[in-house]
Amino acid sequence: MQRRHRLFQRRIAIFLLAGMFATAGTSMLLLKPTANAYADAKPFDTSTAITRNALTGTGAASRGTTREALEGYQSTSNDGSWSMPDSDKVTDKMTVVSADNPVVKSLINGRDEGQTPEGFNPNHATGDTGNAYAFSQCTWWAYVRRHQLGLPAGSHMGNGADWANTARKLGYWVDNSPRVGDVICFGRGQYDSDLTYGHVGIVENVGQDGSITTSECGAAYNGKPFSRTFTAEQAKQLQFIHY
């Protein structure tokens, strides 16, 4: 009788131990991402990161290239007088889209000229009332970095996986084409992002092959951003908040 009782107790102990291991395994899955989840991540080098001036300077250069093509103007005499062409194409190119945010104004009239969706309002509500995100979270860094670049970011955009939809509701331009300075939105579990909360980061560079280099952060990094690279094919699966 005692032997049977001891055997029963042993079975109960084994059952409880198995349950503990199963619970621990589930917890490990739910705690992603951790520092180990991003094995290919590198420290983000802030000393060589793009600046606000460089971002808008690129836009100004693009705009300048467009303005150099003044083929529509024709000299009609040797006294230096000019006549306007029949087409108003040049006038259209010289039109500046107004925007309250100076960086947005530079980009929308330069780098992104003619690419914004129809009806886009660059003066939409940004939802920005200050950085309301917990220190070192991916959302905290996305807000900080966007402000470093002079680009808008909302204060209550939700979890990382919610940012794209929240941005659309506020009027932000969101699509699947990356541009430098964009917020990258990762779905839940996408590319090692948290299975419950998702993830966000910032596009720091877009390669000629369409690959993107990021800056990101997370609770495990104590406010020190890291960087990853995604191929063009991987980038197509992500959503990007422009402005």
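Two aromatic rings of Phe, Tyr or Trp count as a pair when their centres lie within 6.5 Å of each other, the six-membered ring being used for Trp. By this criterion, a search of the whole structure, which is a predicted model, finds 11 aromatic pairs. One of them is formed by F44 and W141, whose ring centres are 6.0 Å apart and whose planes make an angle of 70°, an edge-to-face arrangement. F44 belongs to the loop between strand 1 (42–43) and helix 2 (52–68), while W141 belongs to helix 5, so the pair ties together parts that are 97 residues apart in sequence. Both of these residues, F44 and W141, are buried. A second pair, Y133 with W163, is tilted, with 5.6 Å from centre to centre and 40° between the planes. This pair also links distant parts of the chain, since Y133 lies in the loop between helix 4 and helix 5 and W163 in helix 6, 30 residues apart. Y133 and W163 are both buried.

The protein has 243 residues, of which 35% count as buried, and it contains seven helices and 10 strands. Among contacts between residues at least 6 apart in sequence, 64% join residues at least 24 apart. The accessible surface comes to about 14,300 Å², and carbon and sulfur atoms account for 54% of this area.

W163 leads the reader to helix 6. Which residues of helix 6 (residues 163–170) are buried? They are W163, A164 and A167. These residues cover an arc of only 95° around the axis, which puts them on the same side of helix 6. The elements that cover them include helix 5, strand 4, strand 5, strand 6 and strand 10 (239–241). Just after helix 6, G171 takes a positive phi of about 110°.

Strand 6 (residues 199–206), one of the elements covering helix 6, is itself mostly covered, with six of its eight residues buried. Strand 6 runs antiparallel to strand 5 (residues 183–186), and four bridges join the two. Within this pairing, H199 of strand 6 is the bridge partner of F186. Strand 6 also pairs with strand 7 (residues 212–215), again in the antiparallel sense and over four bridges; here V203 stands opposite T214 of strand 7. The hairpin of strand 6 and strand 7 has five residues between the strands, and in it G210 takes a positive phi near 90°.

Charged side chains provide another set of links. Side chains of opposite charge can pair when their charged atoms come close. The whole structure holds seven salt bridges. In one of them, the side chains of R179 and D112 meet at 3.2 Å, N to O. The two residues belong to distant parts of the chain: R179 is in the loop between strand 4 (174–175) and strand 5, and D112 is in the loop between helix 4 (102–108) and helix 5 (138–148), 67 residues apart.

Salt bridges that share partners join R111, D112, D175 and R179 into one network.

Methods. Residues are numbered from 1 along each chain as its sequence is written. This is a predicted model: local features need pLDDT of at least 70, side-chain atom pairs count only at pLDDT 80 or more; totals for chains, interfaces and linings use all residues. Side-chain values use heavy atoms; hydrogens and water are left out. Buried means under 20% relative accessible area, exposed over 50%, partly exposed in between (1.4 Å probe, protein chains only). Contact means heavy atoms within 4.5 Å. Accessible areas come from the Shrake-Rupley method with a 1.4 Å probe; for residues, only the protein chains shown count as cover. Two strands pair if DSSP finds at least two bridges between them. A salt bridge is a side-chain nitrogen of Lys or Arg within 4 Å of a carboxyl oxygen of Asp or Glu. The arc is that of the directions from the helix axis to the C-beta atoms. Rings of Phe, Tyr and Trp (its six-membered ring) pair if their centres lie within 6.5 Å; planes under 30 degrees apart count as stacked, over 60 as edge-to-face and the rest as tilted.
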